[in-house]
Amino acid sequence: MIELLTETAIQEPQRIRGLEMPWNRVMGSTEAPARAARALGPWHPQEFMAECVETVPEAGGLMTFVFRRCDGAPLAFRAGQYVNIAFPVNGEDQDPVDRSYSLSSSPTEPWTFSISVKRDAGGLVSPWVHENVKPGTVLEMLGPVGAFHLPDADRRARYLLLAAGAGITPIMSMVRTVHSLPGHADVVVLYHGAEAGGFAFHRELAYIASVDSRIRVFYSLGDRNKPEDWEGLSGRLTAAMIDEVAPDANGRQVYACGPEGYLNTAAELLKKVGVDDTSIYMEFFSGDRQTLLEYAAEVALAADIAEEIAEEIADSAEDYFESQPAAFGLYEPGYDADGTLEASGMPLEALDADATTSVAEANDAGPVASPEAAPETPDASSFDTVGTGSLTLSFLRTGVNVRIDPSEHILEVAQRAGVRIGANCKEGMCGSCKVVKLSGEVEMNHQGGIRKREIDAGKFLPCCSTATTDMVIDA
């Protein structure tokens, strides 16, 4: 006999106060046994290879790509951070194109991680990603990076999460993280979209809101594309809309991600409803918000910390695995002074051998051809000199000397002098302004837009670099 399910009153679960990330106590622990969990702490950005293991189409033109690290280690990150990925859009024999994508998965499930990429028909990278990244594809990554993330511990855990369009990606990571953790929390999500069928993750968001009383989700749609049966909110973000979904917004931490215009509007409206600047966190990939400036303090250059972090990982990993009984049969990733080694577990294989390349095939590839001999360097003393300042930058391709002060960013001064250097984010994140310095030194505070091997090869990002000596630049 099948009993009919009837809806009955269900008591709220009893929870501990606030939220605490799983790694928080490990990071503050001095006890030796806790060192085994160091690999799960989001300490510093690392360079690593990752294999795509799944692709998931999403609404709104997004595609989720699920990865796992090729060295078998977890990816430790904070909800809201991103990774910088090198995409071989111009072929394996050409320099890759770097792009930064927010992580959409939860750090509480670190053995795989996800990015969600919106296809831009006029873009260079996103169409290539949608068409070419498949299970088995291996890509070079740097991360995690970013100061836009949930705190490691929060006794109150009251959040207002604002997202527009593809800005839902890091917000989704935060929602998934809160949902996966025990503890008291009060989360309001306000998600703006252009069309009713374009809200990515809407089914999962609806499910989470239905089973987790700590999380409420609201949708807002533009008036022009609103169907007659639309039951959500309508129109652009307004102070009245914020008051409607979160009348206590001034008592919440606010995290917002979306187009720059949306975020500029949100910043002004949040002030109107009484939210203090110190409680507002925004994810800009270009712009002038304080969050961007905080990245410099958040991220140490991989070149400066590689040896220190590799030694810590090697020590903790060795201690941990030596302490485990052999009968456990645990998979043991390898580490040496240069970091993690290739996994010794199952070989990584591409599902479609014609479309993708496995790690084994990549390792078996022949030697890289030697670069062509560098052309003779022009005499910069014959160049015209412009600008004022105590240092001189000689741009060989342009044929101009530019005077600069040590406090000025090189990109801005170079572009004013007519030097053609492509640039997008102008914050050291995208890597689009990368150039080669033939001589001289810079101080660079990048946010994941360049890798250690590129720095070793003499490349730098002029958007986030200041000169400390006279320089000769191949631009």
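Q: Why does Tyr 101 count as buried?
A: In this predicted model, Tyr 101 has a relative accessibility of 14%. The limit for a buried residue is under 20%, and because 14% falls under that limit, Tyr 101 is called buried.

Q: How many aromatic pairs does a search of the whole structure find?
A: The search finds eleven aromatic pairs.

Q: What makes Phe 87 and Tyr 101 an edge-to-face pair?
A: The ring centres of Phe 87 and Tyr 101 are 6.1 Å apart, with 80 degrees between the planes. Rings pair if their centres lie within 6.5 Å, and planes over 60 degrees apart count as edge-to-face.

Q: Where in the chain do Phe 87 and Tyr 101 lie?
A: Phe 87 belongs to strand S4 (residues 82-87) and Tyr 101 to strand S5 (residues 97-102). The two residues are 14 residues apart, and their pair links distant parts of the chain.

Q: Is Phe 87 buried or exposed, and how do you know?
A: Phe 87 has 1% relative accessibility, so it counts as buried.

Q: How do you know that Tyr 159 and Tyr 255 form an edge-to-face pair?
A: Their centres are 5.9 Å apart and the planes are at 80 degrees. The distance is within 6.5 Å and the angle is over 60 degrees, so the pair is called edge-to-face.

Q: Why can the pair of Tyr 159 and Tyr 255 be said to tie together parts of the chain?
A: Tyr 159 is in strand S9 (residues 158-164), whereas Tyr 255 is in strand S13 (residues 253-257); the parts joined by the pair are therefore 96 residues apart in sequence. Tyr 159 counts as buried at 2% relative accessibility, and Tyr 255 counts as buried at 2% as well.

Q: What makes Ala 157 a residue with a positive phi?
A: Phi of Ala 157 is near 50 degrees, a positive value in a residue other than glycine. Ala 157 lies in the loop between strand S8 (153-154) and S9. Its relative accessible area is 0%, so Ala 157 is buried.

Q: Why is Phe 201 called buried?
A: The relative accessible area of Phe 201 is 4%, which is under 20%, so the residue is buried. Phe 201 is found in the loop between strand S10 (186-193) and helix H4 (202-211), and its phi is near 65 degrees, again a positive value in a residue other than glycine.

Q: Why is helix H3 described as largely enclosed by the rest of the structure?
A: Eleven of the 13 residues of H3 are buried, and therefore the helix is largely enclosed. Among the buried residues are Thr 169, Met 172, Ser 173 and Arg 176. Helix H3 (residues 168-180) reaches 18 Å from its first C-alpha to its last, close to the 18 Å expected.

Q: How do you know that Ser 104 makes a polar contact with Ser 116?
A: The side chains of Ser 104 and Ser 116 make this contact at 3.0 Å, and the limit for such a pair of N or O atoms is within 3.5 Å. Ser 104 is in the loop between S5 and strand S6 (113-118). At 0% relative accessibility, Ser 104 counts as buried. Its contacts beyond neighbours within four places in sequence include Thr 169, Met 172, Ser 173, Arg 176 and Phe 201.

How values were computed: Residues numbered from 1 in each chain as written. Predicted model: local features only at pLDDT ≥ 70, side-chain atom pairs only at ≥ 80, totals over all residues. Heavy atoms only, no water. Phe/Tyr/Trp six-rings, centres within 6.5 Å; stacked < 30°, edge-to-face > 60°. Helix = DSSP H or I, 4+ residues; strand = E, 2+ residues; numbered from the N terminus. Buried < 20%, exposed > 50% of the residue type's maximum accessible area, 1.4 Å probe, protein only. Expected span 1.5 Å × (residues − 1). Polar contact = N/O pair within 3.5 Å; in protein donor to acceptor, adjacent residues only side chain to side chain. Contact = heavy atoms within 4.5 Å.
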